[in-house]
Amino acid sequence: MNQQDLKWYSFRWKTGVLLLVCCAGMWYFMRGRFIHPMGTGPAGPAVSAQPFKHIWSNSKVVLLGFGDSVTAGFGASAGSGYFELLAKNDDAKYPEMKGQDLTHVFPKLMLDNESISYTISEEHLRDQIPGVRPFPRNVQGVVVITSGGNDLIHDYGRSAPKDGAMYGCTYAQAMKWKENFWQRLRKIIAGSISKFPGGCEVFVANIYDPTDGIGDIQDAHILLLLHKWKDDERVLGLFNGVIAEVCAEYPNVHMVDIHSAFLGHGIHCSHWWEKNYRKNDPHYWYFENLEDPNDRGYDAVRRLFLNEMIKVFGKPSFRDPSVDVF
């Protein structure tokens with residue numbers, strides 16, 4: 001092979017490598033960046049088994065759900081929504097959580113899930129709360145709520161931002177609508193409490209962030225074609241602040257911080273250089289529609305709710321007169 005042939009061979013080899021790199025780059029830009037590793041096995045924080053070794057209440061207890069698709073379990077496999085898993089663990093799917101559910105600590109547990117997918121806080125207040133009649137005084141309540149997430153993301157910026165469909169709004173606009181959300185959430189919680197004259201505990205989740213704190217929502221979905229939202233992180237922080245403030249107003253209302261737990265499990269879950277990277281579980285916890293968790297995400301959500309419930313019901317300081325103490 002002469003020198004000229006060697007140069008031509010080298011040129012073809014380098015050109016081939018360059019084309020491969022370009023094709024790989026194009027694939028990642030067009031689709032690869034939207035594919036995330038899901039992982040397998042349990043997700044979220046550990047839940048102590050000790051509090052589930054004794055009955056929390058022998059009274060009639062209703063697990064009542066209000067809110068959006070997260071409480072409705074949209075995107076979850078059958079029986080794998082957090083509401084269902086709170087009530088009864090799937091022992092085959094999650095053997096390490098066997099016995100760690102509300103059925104084991106509330107033997108007379110009843111379920112009522114009023115949540116509806118794609119709904120916003122105004123609809124939760126207007127339609128769901130009035131649809132539940134007050135329970136008898138001998139019934140205790142455990143209320144779970146997810147509300148506010150759809151207020152932020154609907155309708156993906158396809159129309160001008162407004163209260164209840166705020167995608168793309170400025171921080172100044174969000175400040176104007178903050179008060180409305182505060183009033184609605186307060187009424188939702190007050191309405192929930194009113195359903196249980198015999199007493200209840202209310203658990204309200206805050207809003208997670210599929211961008212892992214980076215704010216590049218426009219890169220989150222290949223089909224939704226989301227527009228860039230300059231103030232998305234500030235607006236999300238504003239609404240999560242409202243949820244924290246309202247929960248703090250009531251002694252029997254408890255915030256469940258799913259926002260912090262989900263950081264590092266969004267669209268940047270495999271980016272080891274990002275500040276919220278989770279080395280122990282660098283996997284995606286969201287469903288394909290971006291708004292809801294996948295099965296592992298729902299597993300994490302139920303564990304977060306259970307850990308908050310343990311703080312209320314599972315400690316020796318909690319004494320229900322319906323439970324004999326020896």
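## A salt-bridge network

Glu96, Asp299, Arg302 and Arg303 are joined in a network of salt bridges. A salt bridge here is a side-chain nitrogen of Lys or Arg within 4 Å of a carboxyl oxygen of Asp or Glu. The structure has 10 salt bridges.

The model is predicted: local features need pLDDT of at least 70, side-chain atom pairs count only at pLDDT 80 or more, and totals for chains, interfaces and linings use all residues. Residues are numbered from 1 along each chain as its sequence is written, and side-chain values use heavy atoms, with hydrogens and water left out.

Arg303 sits in helix α10 and Glu96 in the loop between α3 and α4, 207 residues apart. Helices are DSSP runs of H or I, at least four residues, numbered from the N terminus. Arg303 is buried, at 5% relative accessible area; Glu96 is partly exposed, at 36%. Buried means under 20% relative accessible area, exposed over 50%, and partly exposed in between, with a 1.4 Å probe and protein chains only.

Asp295 and Lys93 also meet in a salt bridge, 2.7 Å from N to O. Asp295 belongs to α10 (residues 295-313) and Lys93 to the loop between α3 (82-87) and α4 (102-105), so the pair ties together parts 202 residues apart in sequence. Asp295 is buried at 16%. Lys93 is partly exposed at 35%.

Asp127 and Arg126 form a salt bridge through their side chains, at 2.9 Å, N to O. Asp127 is partly exposed, at 42% relative accessible area. Arg126 is partly exposed too, at 47%.

How values were computed: Helices (H or I, at least four residues) and strands (E, at least two) are DSSP runs, numbered from the N terminus.
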